Amino acid sequence: MKKTISCLLVLLVAFAVFANGAQEVKSDGPIKIGSIQDLSGSASNAGQPNAWGAEYAVKVINENGGINGRMIEIYTQDCKNDVTEGLNAYHKLVDEINVCAIIGPALSNPASAWVELAGEDQVPIVGHFMDEICTTNPDNGATYEYMFLCEPSCAQQAEDLAEYAIKELGSKKFAVLYNPSNAFAKAQTDPFVKYVVAQGLEVSANETFGWADKDYSAQALKIVASGADTVFLSDYLAQMVIAYDALRDAGFTGKVVGANTMAPPFANQVKNTVYDCYFLQNYDMLNPSVGNINELVTAHMQATGTTSPQVNVGFGWDAVLVLTEAMKKAKDPTDGAELASLIAQTKDLELSGGVKITMNASHRTDTMGMYIATYDADKNMVIVGYEKVE
């Protein structure tokens, strides 16, 4: 009996040594993070460069010693701009690959489905999902502890653009054309309208379309008939192209203002001449003297053969930067709870666009404004302003 007990003790000690050894190997091994982007869906034109930017950031960080000597492994999944596909991607990363954090997409619909899961699994998600419902519980106003936004929110961006249109463009009478089924578009349009009305101005037409719609001509004709001098558009690139062409085909000759999805390659995809077109931009990405965003978009074009600069490479880079700065300060860079606490304390961290981000109590930033851009006669993007509504 004693011999049996002794043997068991030896086995237990051996197992403990093995377990501790395995734990040590794990603590010295690579840090696994995930990235969920739209690689093949309706917003893949933005998701692909976003994924590239995140992966490129990891490459640069690893080449410079990683996180306190530990290399990062990034696993990219395709959400196809679909909630179900996004959930599948999340579960694969968290339940199968065991990532400690995720770089989220610039897509509010898929990201909003992870807000509870991230908290349950203690997996921080850092991304550019602009709708406030991705960071704040709409029912009680509580901040989601594991969700972090690295750019101005939908409401902030909408107010910036509305203020520019009123003060700089002299807009007096507005119309809006957007997709209410897109969380991002709705969360941007509603505060745009609210801001305009608060300034005592009129919104003469409020027109919508759905995901499956390919013809917005009826809506465009109503907008023209309303007498609006400025139309606000909000959706993803493909829908923005349809909306702009519908307006010009209907005879609208006024100003068109819109979301940052009107960035290149928008001007090369519409069939009508681009004029009096103003849109939001997170970066002055063609300016080599502001941050490193120009370096990033140039490297992306060279690496992928893309003919126009893609702003979303900065999104991917910046999200990784915010996450890894927290990792550098953590006792355990794979501890999701510790990471979330440190990300929430992000202060004055300079991003690729040369601006600094500080996380507020809502896990969003109120220290960043938005550039306003337009296109010249040669379809080149030109920065014409910078707005930050106080």
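Domain bounds in these legends come from an automatic or database domain assignment.

**Figure 1. Two domains in the predicted model of the protein chain.** The assignment divides the protein chain into domain 1, built from residues 27-151 together with 289-359, and domain 2, built from residues 155-281 together with 371-387. Between the C-alpha centres of domain 1 and domain 2 the separation is 28 Å. Domain 1 brings 18 residues to the contact, and domain 2 brings 17 residues.

**Figure 2. The area buried between domain 1 and domain 2.** The size of an interface is often given as the accessible area lost when the parts come together. For domain 1 and domain 2 the buried area is about 1300 Å², and carbon and sulfur atoms give 52% of this area. On the side of domain 1, N109, M130 and E132 supply 31% of the area buried against domain 2, more than any other three residues.

**Figure 3. Polar and charged features of the interface between domain 1 and domain 2.** Four residue pairs in polar contact are found across the interface, with both residues of each pair at pLDDT 80 or more. The count of salt bridges between domain 1 and domain 2 is zero. The side of domain 1 that touches domain 2 consists, by class, of nine nonpolar, six polar and three charged residues.

**Figure 4. The salt bridge between E163 and K167.** Side chains of opposite charge can pair when their charged atoms come close. In the pair formed by E163 and K167, the closest N and O atoms are 3.4 Å apart. Both residues belong to helix α6 (residues 154-167), and because they are four residues apart there, about one helical turn separates them. In the whole structure, a search finds six salt bridges.

**Figure 5. The cis peptide bond between P264 and P265.** Omega for the bond joining these two residues is about 15°. P265 is located in the loop that runs between β9 (255-258) and α10 (266-269).

**Figure 6. The backbone at N68.** Although N68 is not a glycine, its phi is positive, at about 50°. The loop that holds N68 lies between α2 (44-63) and β2 (72-78).

**Figure 7. Model confidence and residues 1-26.** The average pLDDT of the protein chain is 92, and 93% of the residues score at least 70. Over residues 1-26, pLDDT stays under 50. For this segment the model has one contact beyond four places in sequence.

Technical notes
Residues are numbered from 1 along each chain as its sequence is written. Side-chain values use heavy atoms; hydrogens and water are left out. Contact means heavy atoms within 4.5 Å. Buried area is the accessible area (1.4 Å probe) that two parts lose on being put together, summed over both. A salt bridge is a side-chain nitrogen of Lys or Arg within 4 Å of a carboxyl oxygen of Asp or Glu. A polar contact is a pair of N or O atoms within 3.5 Å; within protein, one must be able to donate a hydrogen and the other to accept it, and residues adjacent in sequence count only if both atoms are side-chain atoms. Ala, Val, Leu, Ile, Met, Phe, Trp, Tyr, Cys and Pro count as nonpolar, Asp, Glu, Lys and Arg as charged, and the others, Gly among them, as polar. pLDDT is the predictor's confidence in each residue, from 0 to 100. Helices (H or I, at least four residues) and strands (E, at least two) are DSSP runs, numbered from the N terminus.
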